[in-house]
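User: I would like to learn how to read a model like this one, feature by feature. Can we start with the overall fold and work inward?

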Amino acid sequence: MTDVVAMKGRSLWIDAWNRLKANRAAIISAIYLCFIVLLTIIGPNLTGHEFTTQYPSYVRVPPSIEPYPKADKLDQEIKEIITRAHLTLKEWKQEGGRFLVTVTSTKPIDDRVTRYLDRSDSFKDGKVESKSTDGMEMTLSASVQHLYFFFGTDISGRDLLTRTLMAGRVSLLVGLLAGMVAVTIGVLYGSVSGFLGGKTDEFMMRIVDILYALPFTFFVIMLVVFFGRNFMLMFLAIGAVLWLDMARIVRGQTLSLKRQEYVQAAEAMGVNSWGILMRHIIPNMLGPIIIYVTLLVPQVIILESFLSYLGLGVQEPMSSWGVQISQGSRNMEGASYLLIIPALFLTSTLFALNFIGDGLRDALDPKDR
Amino acid sequence: MLRYVFRRLLTAIPTLFLIITISFFLMHIAPGGPFNMERGIPPEIKANIERVFHLDEPVWMQYFRYLGNLAHGDLGPSYILINFSVAELFAQSLPVSIRIGSWAMLLSLVVGSAMGVLAALRHNKFIDFFIVTLATGGSTLPTFVTAPLIQLIFGLTLHWIWIGGWHDGELSAAIGPIVTLALPQLATVARLMRGSMIEALNGHHIRTARAMGLSDFSVVVKHAMRGALLPIVSYAGPAAAGLVTGSIIVETIFQIPGVGRAFIDGALNRDYTLVMGTVILIAIFTILFNFLSDLLYALVDPRVRYD
């Protein structure tokens, strides 16, 4: 007797994984997408700014890797503060990291004048250093507050980096959730229709045909306008629009799967329809479903951004990439980074998702090509 | 053929009817109305206005009244632009949208197929790679990204085009929206054309044509392209209808007084008749273009028969 060495079989999924690994564009895109997802999840906590904090001194400052305030702006800044405090500036100098200002007035100066320094975004811990005997001249000190705005700030003086990452979180979340809504409806509808077949199938697919003819962009806009700008409603509206393709794909797959021997075996063993659907049909369609999901998520993100662009989507102070692009395009004169930065994030993410989708299609559905 | 045309037109009626019904009830069930202004108007005046427009009647009566008027071709008066009927508003906005849309369609069909053919003829060469990259970009970038970028580069920086307004359809005002509308379609046409052209060039009839000593031009244009055009024809119908829908964003960004803008303004002001009118208009366009592209399909491909 010779020993028979069992050959290790290659499953469909291992095969697919190997094919996917060979696709460099898809792998790079997947890594990039993971990076973006991580960045939007933890990034907003690392920037040192809240996404709602407004810095009145830094409205629409351009992106810079150096800290604000810039050295040449200090003079103007201190003059403005002193004017606001109704004082006269005598001189100012910088000494060992501290900032010294000498001010005069026609009246005795109150010690609480340091608040004017603290209130500004450029300075912190203002103190009274010395005071003349008549109280009409005073030397104040404060340290310069260094703030980093790597992507600049928006028109309300909020850090654009933090806001872009927060917006990304919203856009990706909407994409994923509304995508899930669409896929769930589509898979259930399509598989039930295909599995039951006959008159029911014909009736259900006729409904899909009719829905296809409706001008959906218009319906979504009408829904959102007339029933208020509700976040949940937006999910439902987007999900309700995009499930049609999924339903058609799934129905086609179901029609061919339900004639397989293992489905007949299950039927013979008395498994009910719902059990067969959940245990045998839907798991066997995972390939096309996964492919479609990766292609659906960018569509949802685009639709959400489109609604947000029209002011019908996510509302302030929350943001999404669509909202940011819309605000950026309204203020791009002289501050083009407001448009370009969120646009770059959005498009690179869309590209990555498309490449992953294409890669998955090649990997999971080799017959297709 | 005639029977097919007749049947298609007949099936369009229930679809249209359904669209009208859904939109009508969707709008009227929603809270608020066209005359719920923030600056409150005296209730008796509001009641009078609503009586004039029959808004005080039950919704189902309004619905049948609307259908009745529609059967006479009357889209009703605009609720917000008091002195205009919806038909008059369309008489102003539709030509603008059609003009932009048809130029965009022409541009994407001509340039897109040319690029697709070029890529197919130089398959796997640099130019092919270049065109494929361009097409991928064109179909991935959403309109609301390309439009402001075009405004930024060609309007604000280079000062070649107007960044907003229609200016009576002057070229420097119309070119921005036309190109923005055309880009995604152009990319898709180029991709489709490249794919079908590569397939066509490998066909037996092309080998025969070459063996018979026909010129390159004749082989490519007369024999390969005719078959390769089929997917473009079936794509062009829905695409043409989509141009009108796509114009919502383009018309908003470039401030073009077209149908898309009319719809958005109407929806935001709850101008019921204007919104209904636009939805009906778009639905008719969609049905019509799909029908035309199916007919055209039969003309290009003699194997397709409708009976």
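User: What share of the contacts in chain B with a separation of 6 or more comes from residues 24 or more positions apart?

Analyst: This is a predicted model, so read every value as computed from it. In chain B, residues 24 or more positions apart account for 73% of the contacts with a separation of 6 or more. For chain A, 71% of the contacts between residues at least 6 apart join residues at least 24 apart.

User: Which secondary structure elements does chain B have?

Analyst: Chain B has 12 helices and 0 strands. Along the sequence, the pattern reads α-α-α-α-α-α-α-α-α-α-α-α. Its C-alpha atoms fill a box of roughly 85 × 55 × 30 Å along the principal axes. Of its 307 residues, 47% count as buried.

User: How many helices and strands are in chain A?

Analyst: Chain A comes to 13 helices and 4 strands. Buried residues make up 48% of its 369 residues.

User: Now the interface. How large is the area buried between chain B and chain A?

Analyst: First the general idea. The size of an interface is often given as the accessible area lost when the parts come together. Here, the area buried between chain B and chain A is about 3200 Å². Carbon and sulfur atoms give 89% of that area. Leu26(B), Thr140(B) and Phe144(B) supply 19% of the area that chain B buries against chain A, more than any other three residues. By residue count, the contact takes 36 residues from chain B and 33 residues from chain A.

User: Where do Arg251(A) and Asp201(A) lie?

Analyst: Arg251(A) lies in helix 8 (residues 231–257) of chain A, and Asp201(A) in helix 6 (residues 198–213), so the pair ties together parts that are 50 residues apart in sequence.

User: Is Asp201(A) buried or exposed?

Analyst: Asp201(A) is buried, because its relative accessible area is 8% and the cut-off for buried is under 20%. Arg251(A) counts as partly exposed, at 23% relative accessibility.

User: Which residue pairs with Arg261(B) in a salt bridge?

Analyst: Asp265(B) does, with the closest N and O atoms 3.7 Å apart. Both residues lie in helix 11 (residues 259–268) of chain B, 4 residues apart, about one turn of the helix. Arg261(B) is partly exposed at 25% relative accessible area. Asp265(B) also counts as partly exposed, at 34%.

User: Which residue meets Asp216(B) in a salt bridge?

Analyst: Arg210(B) does, at 3.1 Å from N to O. Asp216(B) is exposed, with a relative accessible area of 56%. Arg210(B) is partly exposed, at 40%.

User: Which residues line the largest cavity?

Analyst: The lining includes Asp154(A), Ile155(A), Leu160(A), Arg163(A), Gln324(A) and Pro342(A). By type, the lining residues divide into 4 nonpolar, 4 polar and 2 charged. Helix 5 (160–196), helix 12 (321–330) and helix 13 (337–364) of chain A each supply at least two lining residues. Helix 12 of chain A gives the largest share, 3 residues.

User: Let us finish with one residue. Where is Phe151(A) found?

Analyst: Phe151(A) is in the loop between strand 4 (137–144) and helix 5 of chain A. This residue is partly exposed, with a relative accessible area of 22%.

User: Which residues is Phe151(A) in contact with, leaving aside its neighbours within four places in sequence?

Analyst: Among them are Pro63(A), Leu160(A), Leu161(A), Tyr337(A) and Phe345(A). Leu160(A) also lines the largest cavity.

Key: Residues are numbered from 1 along each chain as its sequence is written. Chains are lettered from A and ligands numbered from 1 in the order in which they are written. This is a predicted model: local features need pLDDT of at least 70, side-chain atom pairs count only at pLDDT 80 or more; totals for chains, interfaces and linings use all residues. Side-chain values use heavy atoms; hydrogens and water are left out. On a 1 Å grid over the protein atoms alone, a cavity is a set of points where a 1.4 Å probe fits but cannot get out, and a pocket is an open set with protein on both sides within 12 Å along at least five of seven lines; lining residues have an atom within 4 Å of a point. Ala, Val, Leu, Ile, Met, Phe, Trp, Tyr, Cys and Pro count as nonpolar, Asp, Glu, Lys and Arg as charged, and the others, Gly among them, as polar. Buried means under 20% relative accessible area, exposed over 50%, partly exposed in between (1.4 Å probe, protein chains only). Contact means heavy atoms within 4.5 Å. Buried area is the accessible area (1.4 Å probe) that two parts lose on being put together, summed over both. A salt bridge is a side-chain nitrogen of Lys or Arg within 4 Å of a carboxyl oxygen of Asp or Glu.
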